[in-house]
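Please read them with the structure open.

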Amino acid sequence: MMIIVGILVVIGSVLGGYVMHHGKIALLNQPNEFLIIFGAAIGQLLIGTPMPTVMELMKQMGEAMKPGLGKKDYADLLAMLYQLFRLAQQTGIMALEGHFENPKESTILSKYPKFLSRHESLDFLSDSIKVIIVGGMAPHDLEALMEEDLYVHHHEAKAPSGALAKMADAFPGLGIVAAVLGVVITMQAIDGPPSEIGEKVGAALVGTFLGILLSYGIFGPLATIIEVRVDEEGNYEKCIKAGVLATFKGLPPAIAIEYARRVLPHTVRPSFEETEKFCKAAGKPEAAAA
């Protein structure tokens with residue numbers, strides 16, 4: 001929502017100042033300039049970006065328009081992890097195998113559909129638990145393995161924002177291209193009346209204006225917010241990693257959850273009392289079932 005508000009503020013401020021200087025909005029309507037700049041920008045994106053990255057960029061741009069992960073999402077994650085860790089403590093780590101063989105039928109995981117919809121997070125937790133079940137690995141080796149997994153995922157997730165940033169950087173240059181083509185057209189009419197020449201020069205300058213505005217006012221900030229959102233999403237897997245490692249080291253479930261809670265930013269981190277409350281509430285049915 002704030003992205004749309006920000007775009008409207010940028011456009012409104014620029015056009016508002018333009019109108020205050022007695023500029024005519026109709027003169028900025030230059031479809032040929034729009035075609036040159038946008039068409040060339042999309043073309044350079046397709047040339048320099050693999051198609052899977054382009055598709056992921058479209059997905060991330062859509063997700064950036066939605067609210068990010070909040071305290072409630074992390075509270076649910078901690079509660080779910082607490083139930084899994086407590087089950088492992090009471091009946092052994094092998095008891096978790098069935099929950100990850102078919103997560104949708106798990107009595108624990110099925111209660112958290114938002115987690116199940118996060119396929120990367122589910123795979124990360126599932127693969128880590130399965131490695132622990134297989135055994136023969138020291139805690140520091142598991143930590144290195146999980147860290148490598150997070151690095152690969154984070155690197156892939158940031159590729160779309162990098163591609164969009166390069167596209168934003170190209171807009172000023174493409175605006176100059178449009179302006180130069182406008183000058184070429186102007187030179188063809190150099191013997192015409194001054195009003196006609198002025199109109200063509202004005203149209204050419206719109207290309208330069210549009211390229212700079214799109215770069216620094218819209219697409220550059222869009223690339224930044226997508227990158228920020230990827231970093232925020234990474235906290236979800238870091239929380240899982242901290243909890244799983246603490247459990248693997250033999251720490252009690254409540255302490256393992258505290259390790260997971262402490263890696264979260266303060267803006268989305270539940271308090272110690274809140275975490276204790278919802279973990280106990282979520283763990284009661286599982287404790288009875290165990």
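What share of the contacts in the chain with a separation of 6 or more comes from residues 24 or more positions apart? The share is 75%, where contact means heavy atoms within 4.5 Å.

1. Basis. This is a predicted model, in which local features need pLDDT of at least 70 and side-chain atom pairs count only at pLDDT 80 or more, while totals for chains, interfaces and linings use all residues. Residues are numbered from 1 along each chain as its sequence is written, and side-chain values use heavy atoms, with hydrogens and water left out.

2. Fold and dimensions. The chain has 11 helices and zero strands; helices (H or I, at least four residues) and strands (E, at least two) are DSSP runs, numbered from the N terminus. The radius of gyration is 27 Å, whereas a compact globule of 290 residues would have one near 19 Å. That radius is taken over C-alpha atoms, and the globule rule is 2.2 Å times the number of residues to the power 0.38. Along the principal axes, the C-alpha trace spans about 90 × 35 × 30 Å.

3. Surface. The chain exposes about 15900 Å², and carbon and sulfur atoms supply 66% of that area. Accessible areas come from the Shrake-Rupley method with a 1.4 Å probe; for residues, only the protein chains shown count as cover. Of the 290 residues, 39% count as buried. Buried means under 20% relative accessible area, exposed over 50%, and partly exposed in between (1.4 Å probe, protein chains only).

4. Phe38 and Phe171. The structure holds five aromatic pairs. Rings of Phe, Tyr and Trp (its six-membered ring) pair if their centres lie within 6.5 Å; planes under 30 degrees apart count as stacked, over 60 as edge-to-face and the rest as tilted. The ring centres of Phe38 and Phe171 are 6.1 Å apart and the planes stand at 75°, so this pair is edge-to-face. Because Phe38 lies in helix α2 (residues 31–48) and Phe171 in helix α8 (residues 139–188), the pair ties together parts that are 133 residues apart in sequence. Phe38 counts as partly exposed, at 27% relative accessibility, whereas Phe171 is buried, at 0%.

5. Tyr74 and Tyr236. These two residues form a tilted aromatic pair, with 5.7 Å centre to centre and 50° between the planes. Tyr74 is in helix α4 (residues 71–91) and Tyr236 in helix α9 (residues 194–248), 162 residues apart, and the pair links these distant parts of the chain. Both Tyr74 and Tyr236 are buried. Arg118 lies over the face of Tyr236, at 4.1 Å from the ring centre. A charge sits over a ring if NZ of Lys or CZ of Arg is within 6 Å of the ring centre and within 35 degrees of the ring normal.

6. Ile3. This residue lies in helix α1 and is buried, with a relative accessible area of 14%. Leaving aside neighbours within four places in sequence, Ile3 is in contact with Ala64, Met65, Leu222 and Ile225. Ile3 and Lys66 are 63 residues apart in sequence and 9.5 Å apart in space, C-alpha to C-alpha.

7. His22. Which backbone angle deserves a check at His22? His22 has a positive phi of about 70° although it is not a glycine. Most residues other than glycine have a negative phi. His22 sits in the loop between α1 (2–20) and α2 and is exposed, with a relative accessible area of 73%.
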